[in-house]
Amino acid sequence: MLEVRNLSKTFGGVKAVQDVSFTVRGGTIHAVIGPNGAGKTTLFNLITGIYTPTSGEILFEDAPAGGESPDRLARRGMSRTFQNLQVCMNMSAIENVMVGAHLRLGTSLLAGLFRLPGLAKADAECRDEAARLMEFVGVGRYRDAHASQMSYGALKRLEIARALAAKPKLLLLDEPAAGLNHTETAEIEALIRKVADSGVTVVLVEHDMKLVMNLSDHILVLDYGRKLAEGSAAEIRENPDVIAAYLGASA
Amino acid sequence: MTMKPTTRGFLFLAFVLAVLPLALPNGYYYDLAIRMAINASIAVGLNLLIGYTGQISLGHAGFFGIGAYASAILTSRYGLPSGLALIIGAVATAVLAFAVARPILKLKGHYLAMATLGLGIILSMVIINETELTGGPDGMPVDAFSLFGMQIVGEQAWYVVVALILLLVTRAALNLIDAPAGRALQAIHGAEIAARVAGVDTTSFKVRVFVLSAVVASVMGSITAHYVGFLTPGVAGFFHSIELVTMVVLGGMASVFGSILGAVVLTLLPQLLSAFEGWETVVFGLILMLTMIFLPRGILPTLRLKFAGRAA
């Protein structure tokens with residue numbers, strides 16, 4: 001599904017990501033963990049086309065994807081959420097989700113200006129679908145709300161609903177549980193499981209180890225921009241390098 | 001079935017435009033109403049760019065000028081039919097706007113403001129300096145607008161024309177913001193990076209809405225040229241651009257009806273303030289300042305929030 005080969009990104013003299021390689025198999029949940037500043041979000045930004053790699057390759061479904069623009073990657077079936085919420089506060093909740101379905105609707109300006117036949121019908125279907133997705137992620141009661149009226153936890157779910165509206169093959173979640181309490185984290189965990197079960201391949205960056213260990217088929221550990229370790233949850237838990245990076249090396 | 005608020009607003013606008021002539025005692029008031037409708041149409045178009053998509057333009061009077069002078073020059077110097085001249089002006093505006101939009105709209109915030117400001121000034125300078133064609137600072141007369149052999153003469157006929165145009169522009173804008181393309185525009189304003197990740201080609205949308213708003217300004221420029229019958233380069237100038245932006249901001253960003261209200265207020269105020277003899281500009285500025293301090297989101301959205309808050 002996704003293959004990253006010797007990927008590097010430098011900002012000036014800072015090597016944010018250095019020579020990272022890994023593979024995400026379709027239908028799995030893949031986690032990227034590491035201390036703050038390890039390069040996790042940079043890695044996400046490289047994969048989703050927000051940054052252009054300094055060197056290395058990214059293959060999405062066996063085709064090159066490195067340096068391609070986010071909207072083209074979206075067209076190819078990639079979607080994501082953001083660590084810092086990127087919700088449109090100038091729109092209603094359901095419209096935010098409908099933006100996610102952008103690529104499946106007629107987006108001609110002229111068709112919009114004159115409400116050409118077909119558009120209204122497709123748009124109504126899109127609204128119903130968005131309402132279903134809001135229900136699916138657990139924010140159904142905000143159906144008629146404005147985005148600015150929603151709580152932080154609800155907005156995180158709304159972002160997931162928007163990402164799902166694109167019907168992605170690969171979904172990247174950047175810290176889905178950040179800022180959430182225990183109950184909310186458990187709910188997000190169940191939601192990610194549901195999403196994965198529906199056939200979407202998930203890659204997530206997360207600090208909550210319980211969630212990561214419960215969900216992940218495969219874990220990649222980054223430290224100072226480099227790959228520190230890779231393996232199943234059990235392997236990572238026992239890995240001395242990982243323990244050292246998280247707890248401080250026992251010198 | 002309950003009516004959408006925008007539909008109610010649109011019907012209210014249509015009603016007001018229909019009964020307004022009954023309340024207009026003479027040509028002076030008709031003239032005022034016509035100018036309001038022209039400004040309102042431009043402001044609604046400009047609001048799609050500024051209020052909805054979040055991209056500033058301080059050069060739209062330049063596009064207004066292209067339309068106005070294309071109509072004036074092509075009809076009076078080359079004898080083209082006025083309808084055709086209007087279309088040529090609109091196409092020329094579209095081509096120019098499209099050509100400059102891509103590099104310009106890569107800029108953000110203050111830099112975009114500067115670039116559009118520069119564009120407007122260049123267009124204005126061209127109009128002032130091409131004396132052979134435009135008459136330069138002295139201006140030039142414009143023939144009456146005629147369509148299928150019928151001339152539009154007199155305030156009443158013009159009122160009908162501009163009222164219909166305003167209704168058309170308003171309906172189209174309301175349609176657009178409720179359509180997928182309109183949501184993409186608003187998403188660019190709300191969270192551009194999220195819009196891109198959702199598959200919105202943000203550059204293409206910015207360019208298209210820039211061209212759209214420029215064409216609306218151009219067409220209204222043509223209309224104004226024929227209506228007023230005389231053109232001076234001021235119509236393409238910096239102050240006119242600022243005036244248009246002020247209508248959008250004052251009435252309410254991302255509010256179609258707010259733009260109409262902003263245009264009405266800004267067209268009316270100078271007339272009402274003429275009593276202040278020489279101080280009207282000062283009072284005008286003061287009113288604008290106070291409005292933005294006490295109604296920071298613009299007149300209509302602030303009032304709407306206030307009333308919604310009380311109702312809840």
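1. A handy definition to begin with: a residue is buried if 20 or more other C-beta atoms lie within 10 Å of its own, exposed if 12 or fewer, and partly exposed in between, with C-beta atoms placed from the backbone. In chain B, buried residues make up 49% of the 312 residues.

2. A word on the source: this is a predicted model, where local features need pLDDT of at least 70, side-chain atom pairs count only at pLDDT 80 or more, and totals for chains, interfaces and linings use all residues. Residues are numbered from 1 along each chain as its sequence is written, while chains are lettered from A and ligands numbered from 1 in the order in which they are written.

3. Now for the build of chain B. Its secondary structure comes to 14 helices and four strands; helices (H or I, at least four residues) and strands (E, at least two) are DSSP runs, numbered from the N terminus. The C-alpha atoms of chain B fill a box of roughly 55 × 45 × 45 Å along the principal axes.

4. Where do the two chains meet? The contact takes 34 residues from chain A and 26 residues from chain B; two residues are in contact if their C-beta atoms, placed from the backbone, lie within 7 Å. On the side of chain B that touches chain A, the elements giving two or more residues are α7 (154-177), α8 (180-190), α9 (192-197) and α10 (202-228) of chain B.

5. Over in chain A, have a look at helix α1 (residues 40-47): eight of its eight residues are buried. Among them are Leu43(A), Phe44(A) and Ile47(A). After α1(A) comes Gly49(A), with a positive phi near 85°.
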